[in-house]
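Hi there,

Here is the structure I promised to pass on. Have a look at it first, and then read on for what turned up.

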Amino acid sequence: PGGAGRIKKRKPSHSVINIVVPRERWGALHAERCASLADQRCGPHISLVDPFVIPEQQADAAAILTRALADFPPFKIRLARFGHFVHGKRSATLFLDPDIEPPDALDRLLARIAVDFPQCDDTVRKSKTGKFVPHFTIAKLGSEAQLLRERARLERSWAPIEFTVQELYVLHRSGGDPFAVRHVVPLG
């Protein structure tokens, strides 16, 4: 459908589709990320599709997405709860676990994208559960004990962040450079 089968994705993650927190809502979220993440290639975000397509085909891909999502309604995200992943004895990730309204919005959005870009299902396939795990990374820490201390500190003072997702961002980076917005795909 949509002619996207001819479009190639690229690994590693140099092209992605992200949901990005609106800049006016970054505040404490961005401050915590800056203090805890050595390699920030993008502002506070959910990596929705990672990797996406090669740069030479992003304009065509964005046009296909714009048509496919023209009737997909904007939805709300609230960042109030923390979660974490433990990757081993020396690595753990602290994140904000988004509350999404309506609750199935991200699953429906990914399903809609997969119709035209079935080759870009890595965020679902790499999950241990086979289900997409949306999250906003706050910190990468050296141990679970460090993570639990940091989580407790943040939970004592965290003020929830709310925003409406009205658009998706197709981003690209070269080498170790930060991601840059290549295309904005509106919802609805």
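Which residues of helix 3 are buried? Before the reply, please keep in mind that this is a predicted model. The buried ones in helix 3 are Ala105, Leu106, Leu109, Leu110, Ile113 and Asp116. They cover an arc of only 125 degrees around the axis, so they sit on the same side of helix 3. The length of this helix can be checked too: at 1.5 Å a residue, its twelve residues should span 16 Å, and the 18 Å between its end C-alpha atoms agrees with that.

Now to the core. The largest nonpolar core is made up of 51 residues, and helix 3 (residues 105-116) supplies the largest share of it, five residues. Ile19, Leu48, Phe52, Phe75, Ile77, Leu109 and Leu168 have the most contacts inside this core. Setting aside neighbours within four places in sequence, Leu109 touches Leu48, Leu69, Phe72, Phe75, Leu168 and Leu187.

Four strands form an open sheet in the order 5-4-3-6, paired antiparallel. Strand 5 (136-141) and strand 6 (161-165) are the edge strands, each pairing on one side only. From one strand to the next, the twist averages 35 degrees. Strand 3 (residues 75-88) and strand 4 (residues 91-101) are joined by ten bridges in the antiparallel sense, and Ile77 stands opposite Ile100 in strand 4. Helix 5 (residues 144-157) lies across strand 3, strand 4 and strand 5, and runs at about 155 degrees to strand 3.

Happy to talk it through whenever you like.

Best wishes

Technical notes
Residues are numbered from 1 along each chain as its sequence is written. This is a predicted model: local features need pLDDT of at least 70, side-chain atom pairs count only at pLDDT 80 or more; totals for chains, interfaces and linings use all residues. Side-chain values use heavy atoms; hydrogens and water are left out. A nonpolar core is a set of buried Ala, Val, Leu, Ile, Met, Phe, Trp, Tyr and Cys residues joined through side-chain atoms within 4.5 Å. Buried means under 20% relative accessible area, exposed over 50%, partly exposed in between (1.4 Å probe, protein chains only). Helices (H or I, at least four residues) and strands (E, at least two) are DSSP runs, numbered from the N terminus. Contact means heavy atoms within 4.5 Å. Two strands pair if DSSP finds at least two bridges between them. Axes are lines fitted to C-alpha atoms, for helices over the stretch in contact, and angles run from 0 to 180 degrees between N-to-C directions. The expected span of a helix is 1.5 Å times one less than its number of residues. The arc is that of the directions from the helix axis to the C-beta atoms.
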